[in-house]
Amino acid sequence: MAIQKEPGQKGVNWSNIAVGGIMNMVLWVTTLGQPLEVLKTQMAANRSQTMLQAFQSVWARGGVAGFYQGLIPWAWIEASTKGAVLLFTASEIETAGVGMGVSPAAAGLVGGMGGGIAQAYATMGFTTCMKTVEITRHKEAAVGVQRSTFQVFMDIYRKDGIRGINKGVNAVAVRQCTNWGSRMGFARLAETTIRNVRGKGENETLGALDKILASSIGGALATWNQPIEVIRVEMQSMAKATANANRPQQLTILNTLGFIYRENGIKGLYRGVTPRIGLGIWQTVCMVSFADYVKVWVKGRQ
């Protein structure tokens, strides 16, 4: 189902801001999203751990509640704001692209890239930092350093100001650009392929299972950029226990990439990819397939 405005409709569809925020906060992050995000980040921050060891580490922090660490308020704040920015920006770009005759896959690619970049710089530097703090401060506690989340935040702010709070935001922007460009582009390409296989026209609506299948393909294939996520986690890691003589003092995307490769090899750059595949599938199903249906429902009531 290509996202198109009704014939004659003009202007911006502001309702997508609310749809994106609600979908991302309620349907994605509060269900499977946060547990998979915590597990993925645990593995990316502790690259020597297997998936089972990472699961056990998270469980040790509080059982089931450990997998929802940082949900309130940071994950909710991030999910609602970034979901709103993503869906609004991506939908407007995608709609404009389709209106100019661009293929659904290409329009989805460009729309997803634009939405990902917008959400990274508009909302994610601060909130992603705070979620990472929730994990890294537990690593400090393991070596006897006890600090609350806000103590860590204020220490960073006093030392490095806003730049410190937004450390790694460029890596986040690259990640989100490639994340959502890949997810939406691959999902729309899969939809086009399914239409061709089933003999359906471009404007014919796909069934729910076909939409979910297309989004699952898009979400799984989009995990090719896992090294960017591992780099982002390392750049935002503030635990003193992670410091070693080989770690650069001033981290950039390139020297962080080199550091991780020297310390852990190719495997280190793909730590956490398994839970991220599940994360990518569920997020794409929510923010592409389900969101398409919600947008059509909202539009029908305007």
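Q: Why does Gln176 count as buried?

A: In this predicted model, Gln176 has a relative accessibility of 2%, and a residue is called buried when that value is under 20%, so Gln176 counts as buried. Gln176 lies in helix 6, and, leaving aside residues up to four places away in sequence, Gln176 touches Gly112, Gly116, Gln119, Ala120, Met124 and Gly181.

Q: What makes helix 8 mostly covered?

A: Helix 8 spans residues 226-236, and eleven of its eleven residues are buried, among them Gln226, Ile228, Arg232 and Met235. Since buried means under 20% relative accessible area, each of these residues falls under that cut-off.

Q: Which residues touch the most other members of the largest nonpolar core?

A: This core has 13 residues, of which Val19, Met23, Leu86, Trp180, Met184, Met287 and Val288 touch the most other members. Two or more residues come from each of helix 1 (15-45), helix 3 (71-99), helix 6 (169-198) and helix 10 (273-300), and helix 10 gives the largest share, five residues.

Q: Why is this core said to lie between domain 1 and domain 2?

A: Residues of the core come both from domain 1 (59-199) and from domain 2 (206-301), so the core lies between them.

Q: How do you know which residues Met287 touches?

A: Contact means heavy atoms within 4.5 Å, and, not counting residues up to four places away in sequence, Met287 touches Gly20, Met23, Asn24, Gly83, Leu86, Leu87 and Trp180.

Technical notes
Residues numbered from 1 in each chain as written. Predicted model: local features only at pLDDT ≥ 70, side-chain atom pairs only at ≥ 80, totals over all residues. Heavy atoms only, no water. Core = buried A, V, L, I, M, F, W, Y, C linked by side-chain atoms within 4.5 Å. Buried < 20%, exposed > 50% of the residue type's maximum accessible area, 1.4 Å probe, protein only. Helix = DSSP H or I, 4+ residues; strand = E, 2+ residues; numbered from the N terminus. Domains from an automatic or database assignment.
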